[in-house]
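Let's take a walk through a protein model together, one piece at a time. Keep the 3D view open and turn it as you read.

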Amino acid sequence: MTWRLANALATLRAQVNSKWPNRSEQSDGTIGDEAHASRSSDHNPWVKDGAIGIVTGMDLTHDPIGGFDSYAFADMMLKNQDKRLKYIISNGRIGSGPAGPSAGKWRKYTGINKHDHHCHISVMPEQAQYDNSSSWDIAAVTSPNPEVVVAYVVPLETLRKGSKGEIVEKLQGRLNVHGASLRIDGDFGDITRAAVIVFQSDSKLPVDGVVGPLTWRVLS
Ligand SMILES: [Zn+2]
């Protein structure tokens with residue numbers, strides 16, 4: 001299916017990239033990433049512009065080491081209450097934009113993915129909002145406090161079919177600890193993928209055969 005990212009989110013991502021050019025994009029996502037592929041969310045292009053599906057949700061990687069503190073960023077986004085914001089999820093909390101419930105206030109987020117390795121931003125489904133590409137006000141984001149930086153553990157690289165190397169050996173070793181019997185060859189092929197799927201299914205994770213931050217966490 002033909003899809004594109006909402007212009008409002010493309011603008012926001014470009015602003016973030018230019019303000020924090022060294023930030024990691026490891027846990028960034030728009031369409032069909034690990035934690036969202038198997039359920040309905042704004043990452044699925046359910047909003048339509050004619051025949052084109054619009055992705056109205058986006059994830060930005062929490063990377064305090066690279067200068068981008070997604071927790072502080074989410075606080076600022078919630079406070080600003082830009083009309084385009086539908087909701088934002090960060091570090092176990094969800095908050096809505098002006099049109100949502102309890103606008104501007106954090107509520108507890110109870111989804112399986114706490115969103116501590118990225119924040120999720122959804123924009124409103126009306127085109128006047130999601131394609132409004134004027135600049136967002138992101139001036140007020142504070143730089144990460146040194147304690148946050150020191151305490152932060154970088155999530156392991158996302159692995160999928162075709163991945164190779166030592167990190168795949170580590171993955172195969174962890175899968176074997178959890179009941180698989182893989183040859184440790186550092187090559188993520190069909191057999192490794194099948195073992196990942198079994199593990200995800202047994203662990204009640206989204207089943208997609210891709211090893212992202214959430215699957216790594218449960219494996220480790
Ligand atoms: Zn997301």
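Strands β6 and β7 run antiparallel and are joined by two bridges. This is a predicted model, by the way. β7 covers residues 107-108, and its Arg107 stands opposite Ile94.

Now look at the other partner of β6. Strand β5 pairs with β6 (residues 93-96) in the antiparallel sense, over four bridges. Here Ile88 sits opposite Gly95 of β6. β5 and β6 make a hairpin, with two residues between them. In that turn you'll find Asn91, which has a positive phi of about 50°. What holds such strands side by side? Strands of a sheet pair through backbone hydrogen bonds, either parallel or antiparallel.

Here are the antiparallel pairs in one place:

| Strand pair | Bridges | Residues opposite each other |
|---|---|---|
| β5 and β6 | four bridges | Ile88 and Gly95 |
| β6 and β7 | two bridges | Ile94 and Arg107 |

Is Thr11 buried or exposed? Its relative accessible area is 15%, and buried means under 20%, so Thr11 counts as buried. Leaving out residues up to four places away in sequence, Thr11 touches Ser133, Ser134, Ser135 and Trp136.

Next, the inside. In soluble globular proteins, nonpolar side chains tend to be buried together. In this model, the largest nonpolar core has 28 residues. Those with the most contacts inside this core are Leu12, Val16, Leu60, Phe73, Met77, Ile121 and Ile138. Which elements give two or more residues to it? They are α1, β3, β4 (57-61), α2 (70-80), β5 and β8 (118-123). The most comes from α2, with six residues.

Apart from neighbours within four places in sequence, Ile138 is in contact with Leu12, Gln15, Val16, Lys19, Trp20, Phe73 and Met76. Apart from this core lies another, of 15 residues, including Val168, Leu182, Val196 and Phe199.

Finally, zoom out. The protein chain has seven helices and eight strands. Its C-alpha atoms fill a box of roughly 50 × 45 × 30 Å along the principal axes. How does the radius of gyration fit with a compact globule? For 220 residues, such a globule would have a value near 17 Å, and the chain has 18 Å, so the two agree.

Buried residues make up 48% of the 220 residues. Of the contacts between residues at least 6 apart in sequence, 62% join residues at least 24 apart.

Conventions: Residues are numbered from 1 along each chain as its sequence is written. This is a predicted model: local features need pLDDT of at least 70, side-chain atom pairs count only at pLDDT 80 or more; totals for chains, interfaces and linings use all residues. Side-chain values use heavy atoms; hydrogens and water are left out. Buried means under 20% relative accessible area, exposed over 50%, partly exposed in between (1.4 Å probe, protein chains only). Contact means heavy atoms within 4.5 Å. The radius of gyration is taken over C-alpha atoms; the globule rule is 2.2 Å times the number of residues to the power 0.38. A nonpolar core is a set of buried Ala, Val, Leu, Ile, Met, Phe, Trp, Tyr and Cys residues joined through side-chain atoms within 4.5 Å. Two strands pair if DSSP finds at least two bridges between them.
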